Every structure is written in C-alpha cells, then in structure tokens.
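The following note concerns the pockets of the structure shown below. It is set out as numbered points.

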Amino acid sequence: MKSLNLELAWRFVLGRKRAMTMSLLGIVLGISFFVITQAQTSGFEAFFIRTILGTNGAIRISDRFQDMHGTVRSSSKDGRTKFLFNSREGARYTEGIENPVLLRNALDHFPQISGISEILQGNAVLSGTSRSQTVEVHGIDPSEHMMVSDLENQIVQGQLNTFDLQPKSVLLGNRIAQRLLLQVGERITLQGGTGNIQLRIAGIFETGVSQIDKSRVYIHLPIARAFLGKRFSGSIFQLSMFNPKKAPEISAQIQETTSHRVISWQEREQVWLDVFKALRISSAITVSSILLLSGLGIFNVFAIMVIEKTRDIAILRSMGFKPSDASAVFLWQGGIVLTVGIILGTIVGILATYTISKIPLRIRGIFSTDSFMVNWDIAHYAWAILISIVFVSIASLIPARRAAKIEPAKIIRETL
Amino acid sequence: MNDRVLQKPLIQATNLFHSFSEGEETVHALRGISLEAHAGEVTAVVGPSGCGKSTLLYLLGLLDRPDHGEIHLEGESVAQASDQRRTFLRNQKLGFVFQFHFLIKELTVCENVALPLRKAGVPLKTATKRATEVLCKLGLEDKCKRFANKLSGGEQQRVAIARALVHSPALLVADEPTGNLDSTNSEKVFELLLKFALGEKIAVILVTHNPELAQKCNRILRMKDGQMIKN
C-alpha cells in the first residue's frame, strides 16, 4: 500500500514539474550554501587554531603564585558541610618559573601532555648591517620546541637543522628580516640584558601572525640565559597536548597542583575564537533562511495542490483510500522533493566547496594563507540536511493534514 | 417478482433521514426513505433536482452517514459502522460512477482503472491484466497507455465505469453517469454499463434525469422533497 501512495506521490510530483523544480532548487541552494559558508568559516577558524597551536602551543605556564590570604573557608555547625574557595586576588606572583626541573616532574603526572618546551623570554635590540629594532628574544631548545610547535614548517628561508647545530645562531621572524633587509647567513647583534652577542642568521620563519613575525627571534636557551642574565629561573613552559580541545580543564588542574599561572589557548585567543563563532552562527542563520524560504515555497505548492487535488482525493477516498493514505501521498511528495534536494544539495555543496578552496586569497595578520581555507566536516552536511528535513516536514505536514480531512461526499456534492 | 421476494436484498435502507448545512441554512435532504436492491438488478432513482437523489446515493455508497435510519449491506449494519470498516467496504463491495469522470490526469487509463485493485493489495501485474480486460470489454483496449485527459468525454466516462467495475463490486452506485454526454454517447455508455453490470450480477442503483434511460432499468424509484413517492 505504501508503494501505491508513493507511486501516486511520484506522479503528482511529475505533474507539477515547474513548481516542484523551484521548490527543489530552494532546497539544493539552501543545503549547498549552508555547507559552503560553514566550510569556509570553520575552515578559517580551524586554520587559525592550527596556527596558534603551532606557534604558542596549547598551554602556557608562566608566573608562580603564592596564596597569601585568598582562601575562604566555611563549615556548618555540625561540621558536615564544608566550603572552600581559592581566591587569586590575594596571590603574590613571582615572574617566571622558579624551579623548571620540579615543574617538569609535576607535569609528568599529566598523560594528556605530549610535549614541553622551556622558553626564556626577554627584550633586546637587534642590529643588522644598517638598521636596528627592538625584538622579543625567545630562548629555546630546538628539538624540544619542535615537539610543541610547528616551527619546522614555519621556516621560509634557511634550515632549522642549521639552527639546531649552531648554538650561536638565530631564527628571525620574516617581517624583521624584511624591515632590516637581512638574509640567511648574515650576522646580527643583539644588545641588551648583560651585554652584546653576535649571532648568525640560520633561518627566517613566518607564522602568519604578524605580531609575532615582526618581533620574535629564537636563540638557543643557554645563550639566552647568559644573555638575559637569568641563569636558572624566569622561564615559561609551552606545552602541546594530544587533544588540544581539553586544554582548559587540564590548565585548571595544572594550576591547582603546581601553583603557577596556566593559560590554555582557548583562554588566550578567546577574542578571535568568539569572532569566528559569531561568524559561523550568523552565516548559519542567514543561510538557514534560504531553507526556510524553500520550505515556505513547498508549503505554498502543496497547499495549492491540496486545493487542486481535492476532487482526486475525494474519488480516491470513495475507492477505499483512508484519510491517512491521502495525507501519505502529500508527505511522500515532500519526501521525494527532500530526498532529491538533499542528494543534489550535497553534491553541489561538495563541488562548490572544492572550487572555493582553489580560489587564490592572500591573508596575513592572524594567520598566513594564499587560498581560501575550507573545512571538510560531515557535521556541516548533517546540520544542513537536518534543517531542511525540519522545514520541509513542517511544510508538507500541514497540507497533508488538510488532505486527510477532506470529506468525499461534501466535495463530490459541491463539484457536481 | 416472486424470485425477488425470496432473494435476500443486497442492500436495504430503512427510514433514512439526512440533513446538511448550506451556508446558514439546514437542508433536510432525506425524510424517511426506505429501499432495497438485489444482486443483478438495476434500479433507477428519478426526481426533480434537489429532491435528495444524490444524497441518497452517497448514503448507500457509504460516503456519508444518515442522521437517522439504518442501512444493511449484505446483511451487515453499516450506517454507523466505524470509518475503517466503511472504507474497507467501499474498496471491496462498492463501485462509484459520477456525472463527471473524476479520473486522475497524472495516471494512464490503465493505471486509473487498476486503482481500486491496487488499493485492495492486488499485485501490479494482476491488477493491470484485469484492468486491461475490463477496458477491452468497454471497447477501450487501444487507450490503455494513454493519459486520461487525452481522451474524449465519452471515453473518459467509459474509463470511469471500468474503474468502478474492475474489482467486481456487489453494488454499483452511479450518479447521473451519462449526464455530461451527448445523446449518442449517453446511450452507448449506458448500454455498456448495464451489459457489464448484469453480466457480473452487480446490483446497480443509478440516478438519472433521462426518462428513456430510466425505462431500461428493472425498477424506477421516484423521489420528491426527500421522500419516495413511487416505487
């Protein structure tokens, strides 16, 4: 019986080719636009996250704090209920990590951490052959830092291996190199801290984050300690994680157990992440309106069709079709348009997303890319399909219910 | 006459009353109608427009319910039976022909005719075969695969008759089946309807305004103002 209703629905759909094509087009465009916009916004967001994780890591541990009077304790008279709040307001901060070895041992208890890099930061004046500028010195252990960053892939000139093998070498951000007209192999002087040091440029890197590319230089950690006059302490830790999404909760745990200031990448980049989230939601709402309009279109087509088909429904009822059969014919029509729309919309979405990913687009600032970034995520397709199912179902259900309520005797009497 | 008395009626309506609203007015369409019809018998219901003929057919065809009174179809009380039961009976026991053919234009002639069988769960092949047979008997064998709206008025009405008879109903209810046809077509279609129905021992109750056609029926029931005035 279901197949007969489906067969009738199919014939009715074919009998309204133009109206159904317009409805179908609405679903196809709605689904494909939804997928395209989500692929782009989440593509740029994912690329931004990859950039910041590859540059500053998932978690950063910096200053140590001591709790002075920030703990609030309370308990009931019978002693059963107890409250304890730790307040950071009364904490005293000590700049940098006091004892890196002890902290490393403590971090061994966190299996979610995949790498630790100790970084000593400080400021210096970098002088090239003709010009100089203030830079942010990062003392690192190259092999350790590779575990927590994407530095190896960020090198645009020179070799990371050269930097690794030559302690008196330096890696420069590409904007510094451009501004000071420096090339790989040239010598520069860092002034500040305890004096001057001369270093050879082993490589030039580009993170895409302009703030970093125009101010950061990497030197070896022991050289940095001597140059900045911080022999044992004052450094920070940059951590990488197997699952960076869990950084906030791991950060909180590390902070509680080590009494150091710990910031996850989500907290650090909250402003940009909020911008991406707002863009994603706003584009989803905008594009959903196309699906809503196509749903209204389908409702319109079906509502008119129920009026036009009243006599046919009445005669079908006289032949023994149940009210539920009458409504099923209209629900099936919605199902047919929806199914074809989903298939075509998905295909168009995939093709358009692929085409967009090939469009050249140069972006520098918060990341570095030369083409549109797209994210291939099945969730985008699932959401687009779900939204279209909801809209088309509602659009079909109302006319279908109306069809079920048709009284054959009344219709036939009025027709004759 | 004796045979008729001895035979159990296929359908028996007793003291039917029915009214419906038309705008703000209530139309008392039937006021205590009683009748019975037997298998293989053709009954014509005649009377002036608005006397309740069509309303009577809709009640007998289980398309509507009487306000009062009883209808027995093959001994089963059906006037107040459940919607599900009445729907089943319409599919299994009843056939309808209306003044207008009411064919579904998106379906071919054969598909239109096969609809009652398909609804009853008869497989597509069997239903198509049976529909083709009936169409052959009505002289439409060459129109099977054409769409219904491509046929002439007389042909469309013959297709409607084929659809009403394809599942060999016990009762055929026909509301002015030739009302939309010219005299030549009207007579031709009517002859076919009678021939086929009688051949299959189907009881026919039909409404007509054409006295010549009514004269060809076994019985004539005359109605006026919702009442039977002559049997």
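Which helices of chain A each supply at least two residues of the lining of the second largest pocket?

1. They are H2 (17-56), H11 (265-268), H12 (270-308) and H15 (378-404). H2(A) gives the largest share, eight residues. Helices are DSSP runs of H or I with at least four residues, strands are runs of E with at least two, and both are numbered from the N terminus.

2. This is a predicted model, in which local features need pLDDT of at least 70, side-chain atom pairs count only at pLDDT 80 or more, and totals for chains, interfaces and linings use all residues. Residues are numbered from 1 along each chain as its sequence is written, chains are lettered from A in the order in which they are written, and side-chain values use heavy atoms, without hydrogens and water.

3. The second largest pocket has a volume of about 580 Å³. Among its 24 lining residues, A:Ser42, A:Glu45, A:Ile49, A:Lys245 and A:Arg280 lie nearest the centre. A pocket is an open set of points on a 1 Å grid over the protein atoms alone where a 1.4 Å probe fits, with protein on both sides within 12 Å along at least five of seven lines; lining residues have an atom within 4 Å of a point.

4. The largest pocket holds about 920 Å³ of space. Its lining comprises 41 residues, and A:Ala409, A:Lys410, A:Arg413, B:Tyr58 and B:Asp64 are the closest to its centre.

5. A:Val262 belongs to strand E13 (residues 260-264) of chain A. The C-alpha atoms of A:Val262 and A:Ile49 are separated by 18 Å.

Note on methods: Grid points are joined across faces, edges and corners, and a volume is the space filled by probe spheres set on the points.
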